[in-house]
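Please open the model in your viewer and keep the selection tool at hand.

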Amino acid sequence: MPASRRIDLVLLIVAIIWGSSYLAAKTATAALPVLTVLFLRYAVSAIALLFAVRRITRAELRFGIVLGLTQAAVLVLETYGVTHTSAANAGLIISLTLVLTPLLDRRTLPPRFYLAAATCVLAVGLLMAGNGLHRPGLGDLLMLAAAVVRAGHVALVGRLAAGLRPAPLTAVQTLVGTALFAAPAITHLPSIHATTTWLQVAYLALFCSVFAFLAQTWAVQRTSASRASLLLGTEPVWAVAIGIGLGNERLTIPAAIGAALMLAGTTWGQSIERTHRESTSKPLTPAPA
């Protein structure tokens, strides 16, 4: 297999894994409290990453603590959100990050970008409507909040992480999350006996966090940012496919229209932002899933 195809395949696998994380989190939180799932996900990730990190600088420690706090806020909102909505909706709504990040990064963008963002807002309204107009569900609102906070986290990464090594910085963030969720989770650990639950947590930690991060970093260093963004941007497609195929979820007609608009809006917005960024030669850190 040519090297370029191998890189594309790795990025596609990362997008599929991230797309599957919503159903995995939803299933895991059906058996355990949300904060226990988060503690185990962070703790397993931290142990795995610390084996690969030999030294952490003061800057990596300082900025890692800040980013660890914002990342923990994102995961709390995401994980609580997915327990109250479908995995498909969760994956679609969180993709708003792709158009919110450039806005929070305070860049001057073409008017067309705001039209793409408005398309995404309309899509969220349709996704929340479900079978008809009613008060938005708690899960969808939490996922919307998660998208806003995640966009802020990504913008912060772009400002603080320049020149720092990714692996140590991520290791510090996982240690911060482990410390934050240890106290509320500790009383539930002795009651975990189901092998399935441990496998779900291990999948979230080792595949959705550690493997996906390292694979993304490896691939992005060997291809163009535009191609990487295009492939990683398929994450919500996989979230819908896996939610429907494995989670027995279904999309109503309004939600299906919302899903199509969300995918179109985020793809269009990414394309406009990328073209504008390349024309002005001002790089922007891409949003992770």
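The stops below begin with the overall fold and then turn to selected residues.

**Before starting**

This is a predicted model, in which local features need pLDDT of at least 70 and side-chain atom pairs count only at pLDDT 80 or more, while totals for chains, interfaces and linings use all residues. Residues are numbered from 1 along each chain as its sequence is written, and side-chain values use heavy atoms, with hydrogens and water left out.

**Stop 1: the whole chain**

Helices (H or I, at least four residues) and strands (E, at least two) are DSSP runs, numbered from the N terminus. Along the principal axes, the C-alpha trace spans about 50 × 45 × 40 Å.

Next, show the surface. The accessible surface comes to about 13,600 Å², and 68% of it belongs to carbon and sulfur atoms; areas come from the Shrake-Rupley method with a 1.4 Å probe, and for residues only the protein chains shown count as cover. Of the 289 residues, 47% count as buried, where buried means under 20% relative accessible area, exposed over 50%, and partly exposed in between (1.4 Å probe, protein chains only). Contacts (heavy atoms within 4.5 Å) may be examined as well: of those with a separation of 6 or more, 91% are between residues 24 or more positions apart.

**Stop 2: the salt bridges**

How many salt bridges does the count come to? The count is two, a salt bridge being a side-chain nitrogen of Lys or Arg within 4 Å of a carboxyl oxygen of Asp or Glu.

Select R165 and E60, whose side chains meet in a salt bridge (2.8 Å, N to O). This pair links distant parts of the chain, with R165 in the loop between α7 (138-160) and α8 (166-185) and E60 in helix α3, 105 residues apart. R165 is partly exposed, with a relative accessible area of 32%, whereas E60 is buried, at 2%.

Now select E78 and R150, which form a salt bridge of 2.8 Å, N to O. Here helix α3 supplies E78 and helix α7 supplies R150, 72 residues apart. Both E78 and R150 are buried.

**Stop 3: R41**

Move to helix α2 (residues 34-50), where R41 is found. R41 is buried yet has no salt bridge; the nearest side chain of opposite charge, E78, is 5.6 Å away. Leaving aside residues up to four places away in sequence, R41 touches L75, V201, L204, A205, C208 and S209.

**Stop 4: L77**

Select L77 in helix α3 (residues 58-83). Not counting residues up to four places away in sequence, L77 touches L142, M143, A145, A146 and V149. The C-alpha atoms of L77 and G139 are separated by 9.0 Å, although the two are 62 residues apart along the chain.

**Stop 5: A117**

Finish in helix α6 (residues 111-129), which holds A117. Is A117 buried or exposed? At 12% relative accessibility, A117 counts as buried.

Terms used: Lys, Arg positive; Asp, Glu negative; His and termini not counted.
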